Amino acid sequence: MNVVFSVFLFSQTQYIGGVLFLIAAGIGIYVWFSWKERIPLATLMLKNVAKFTQRYPGTTFVGFIFMFASILYVAIWSFTVSGYMLL
């Protein structure tokens, strides 16, 4: 997709954007070929994690509790900082 958009940008004489998207395409191709042998391990890990969370649903519950606690902390922190900025 980056290559297609890069060709489009070159056709519109947007050379800097075309070069940047070509670089992004090159990085994406490099990442694909360097990581594709790790896909079976990632598949196995995801299967094991899915089994674990189905067997012990409390892990998901604790994760959600701490997620809401983190959101509350960030909300309180942002209100405190914005109140300090008004002074």
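A residue counts as buried when its relative accessible area is under 20%, as exposed when that area is over 50%, and as partly exposed in between. Keep those cut-offs in mind for the tour. One more thing before you start: this is a predicted model.

**Stop 1: the whole chain**

Show the protein chain as a cartoon. You will find four helices and zero strands, and reading along the sequence gives the pattern α-α-α-α. The radius of gyration is 23 Å, well over the 12 Å that the globule rule gives for 87 residues, so the chain is more spread out than a compact globule.

Buried residues make up 5% of the 87 residues.

**Stop 2: helix α4 and S78**

Select residues 58-86, which form helix α4, and pick out S78 within that helix. Is S78 buried, partly exposed or exposed? Its relative accessibility is 32%, so S78 counts as partly exposed, because that value falls between the 20% and 50% cut-offs. Next, show the side chain of S78 and look towards A75: the side chain reaches the backbone oxygen of A75 at 2.9 Å.

**Stop 3: helix α1 and S6**

Go to helix α1, residues 2-11, where you will find another serine, S6. With a relative accessible area of 1%, S6 is buried, because this value is under the 20% cut-off. Which residues is S6 in contact with, leaving aside its neighbours within four places in sequence? Select G18, F21 and L22 to see them.

**Stop 4: the aromatic rings**

Ring pairs link F5, F8 and F21 into a cluster. Across the whole structure, a search finds four aromatic pairs. One of them joins F10 and Y15, and it is tilted. A pair of aromatic rings is described by the distance of the centres and the angle of the planes. For F10 and Y15, the distance is 6.2 Å centre to centre, with 40° between the planes.

How values were computed:
Residues are numbered from 1 along each chain as its sequence is written. This is a predicted model: local features need pLDDT of at least 70, side-chain atom pairs count only at pLDDT 80 or more; totals for chains, interfaces and linings use all residues. Side-chain values use heavy atoms; hydrogens and water are left out. Rings of Phe, Tyr and Trp (its six-membered ring) pair if their centres lie within 6.5 Å; planes under 30 degrees apart count as stacked, over 60 as edge-to-face and the rest as tilted. Helices (H or I, at least four residues) and strands (E, at least two) are DSSP runs, numbered from the N terminus. Buried means under 20% relative accessible area, exposed over 50%, partly exposed in between (1.4 Å probe, protein chains only). Contact means heavy atoms within 4.5 Å. A polar contact is a pair of N or O atoms within 3.5 Å; within protein, one must be able to donate a hydrogen and the other to accept it, and residues adjacent in sequence count only if both atoms are side-chain atoms. The radius of gyration is taken over C-alpha atoms; the globule rule is 2.2 Å times the number of residues to the power 0.38.
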